Amino acid sequence: MTVGLVVADDHPLILDALEYLCSQEDDLEVLARCGNGREALAAARSLRPDVLLLDLHMPDLDGIEVIRRLREEELDTRVVILTSALDEREALECIRLRVPGIVLKEMDSQLVLQCVRKVAAGDIWVEKDSFSRALELLLRREEGMQSLAVRLSDRETQVMTLCVEGLSNSDIAERLFVSEGTVKTHLHNVYKKLELGSRAELVHFAHQNGLV
């Protein structure tokens, strides 16, 4: 069986290398090459490849957002993320989106081919170090949320989360359909209960406890 591929990377040299690598294999066929995330998404929609070999970091639409949209549209193309670096939060997002394949660009080219074949066959191939760190972060976040559930009300937790995401008080008020004064009251309670003195300290607390 021939595996149909779409390859996407914003570096032409990488695209050339991937296309050449796959062209040497009898069971792999490159259906399209894409220079950005929007092209990759369009190709996945129109060509329905078995595997989308996707760069994680692209300027217009990053790999995570491409995968998120594929999931929303329930396309059955399986994704292999190809990246030069993967931090624990990106790895965590890949876990949430059930990405079956992740390889680093520094790996041997034969490992890339093995990964593509494994993923096309329905298996999982991931970069272990990043996923180990992501699982640690996931556990830390779970512990942090359990601790917050004891100390904060559900609404205070909502306000804290939106605050840490960078929303202003007025934006939070609009999102939660409450007054700006109510948001300020909730934030005051959060600061008091967590023994924090400012928004900056709250952001630091959230990162330290794996909450974002």
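User: Which residues of helix α7 are buried?

Analyst: This is a predicted model, in which local features need pLDDT of at least 70, side-chain atom pairs count only at pLDDT 80 or more, and totals for chains, interfaces and linings use all residues. Residues are numbered from 1 along each chain as its sequence is written, and side-chain values use heavy atoms, with hydrogens and water left out. Helix α7 covers residues 154-164; helices are DSSP runs (H or I, at least four residues), numbered from the N terminus. Buried means under 20% relative accessible area with a 1.4 Å probe, protein chains only, and in α7 the buried residues are E156, T157, V159, M160, L162, C163 and V164.

User: Which residue with a positive phi follows α7?

Analyst: Phi is near 105° at the residue in question. That residue is G166.

User: How are α9 and α10 oriented to each other?

Analyst: The axes, lines fitted to C-alpha atoms over the stretch in contact, come within 11 Å and cross at roughly 60°. Angles run from 0 to 180 degrees between N-to-C directions; under 35 degrees is roughly parallel, over 145 roughly antiparallel, 65 to 115 roughly perpendicular, and the rest oblique. α9 and α10 are therefore oblique.

User: Which residues of α10 make the contact with α9?

Analyst: Contact means heavy atoms within 4.5 Å. From α9, the contact uses L187, V190, Y191 and L194. From α10 come R199, L202 and F205.

Terms used
Buried < 20%, exposed > 50% of the residue type's maximum accessible area, 1.4 Å probe, protein only. Helix = DSSP H or I, 4+ residues; strand = E, 2+ residues; numbered from the N terminus.
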